[in-house]
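Take a look at the chain below. Keep its fold in view as you read.

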Amino acid sequence: MANPLERLVEELRRLPGIGAKSARRLAYHLVELPADEVATLIETIEQAKEATKRCSICFNLSAQDPCEFCANEMRDHSIICVVETSRDVVAIERSGDYKGVYHVLEGALSPLEGIGVEDIRIKELLNRLRDETVKEVILATDPDPEGEATALYLVRLLKPIGIKVTRIARGVPVGGDIEYADELTIGGAVMNRREM
């Protein structure tokens, strides 16, 4: 039988953003915690897993259905921001600047990984656009090859419908140095410049 501590390290390594060193540090921390704190952590994870569902409208993760954004009549339901994951919703909300609603695709097109049009929530987005209150779709997919391919595919689908389609700008981050930015970032910053 495998060492339980090593099994814990391996399970923690499966979490996104957790490398070997972080997994080992977390595993040792967890096994050194008092039993009641471990029990509380386990219970909290189980409760979060049980209580969190996908919104039936936008597919964001939420404890309610419809989610807090779709149910909020103060938000602008004429603008839908299309993102890849619920984590993207959290990132956009942190800015405090966006007041519309969302649509979570639950992924991006990636032929190499076998993810096609039918594997993400494109059909559901098109169904939402039948509602004539929607005037603009903001494409906020990642600026990587999969996100760009997804955005281009959506533009081809949405333009003929007559809804305004926009793409989030990309470029040099606030506080960043131009000399250290990669070519794609600089190119995006120049292409998405705006008049001052």
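The text below goes from the overall fold to an aromatic cluster and then to the cysteines.

This is a predicted model, in which local features need pLDDT of at least 70, side-chain atom pairs count only at pLDDT 80 or more, and totals for chains, interfaces and linings use all residues. Residues are numbered from 1 along each chain as its sequence is written, and side-chain values use heavy atoms, with hydrogens and water left out.

Start with the fold. The chain has seven helices and six strands. Both are DSSP runs numbered from the N terminus: helices are H or I with at least four residues, strands are E with at least two. Along the sequence the order is α-α-α-β-β-β-α-β-α-β-α-β-α.

Now the overall dimensions. The C-alpha trace spans about 60 × 45 × 35 Å along its principal axes. The radius of gyration is 21 Å, whereas a compact globule of 196 residues would have one near 16 Å. That radius is taken over C-alpha atoms, and the globule rule is 2.2 Å times the number of residues to the power 0.38.

Of the 196 residues, 29% count as buried. Buried means under 20% relative accessible area, exposed means over 50%, and partly exposed lies in between (1.4 Å probe, protein chains only). The chain exposes about 13,500 Å², and carbon and sulfur atoms supply 56% of that area. Accessible areas come from the Shrake-Rupley method with a 1.4 Å probe; for residues, only the protein chains shown count as cover.

Next, the aromatic rings. The structure holds two aromatic pairs. Rings of Phe, Tyr and Trp (its six-membered ring) pair if their centres lie within 6.5 Å; planes under 30 degrees apart count as stacked, over 60 as edge-to-face and the rest as tilted. Phe69 and Tyr102 have ring centres 5.3 Å apart and planes at 70°, so this pair is edge-to-face. Phe69 sits in the loop between β2 (61–62) and β3 (76–83), while Tyr102 is in strand β4 (residues 100–104), so the pair ties together parts that are 33 residues apart in sequence. Both residues, Phe69 and Tyr102, are buried. Together with Tyr98, they form one aromatic cluster.

Finally, the cysteines. A disulfide is a covalent bond between the sulfur atoms of two cysteines. Here the cut-off is a pair of cysteine sulfur atoms within 2.5 Å. The structure holds zero disulfides. For Cys67, the nearest cysteine sulfur is that of Cys58, 3.6 Å away. Cys67 is buried, at 0% relative accessibility. Cys70 is in no disulfide either, and its nearest cysteine sulfur, that of Cys58, is 3.7 Å away. Cys70 is buried too, with a relative accessible area of 11%.
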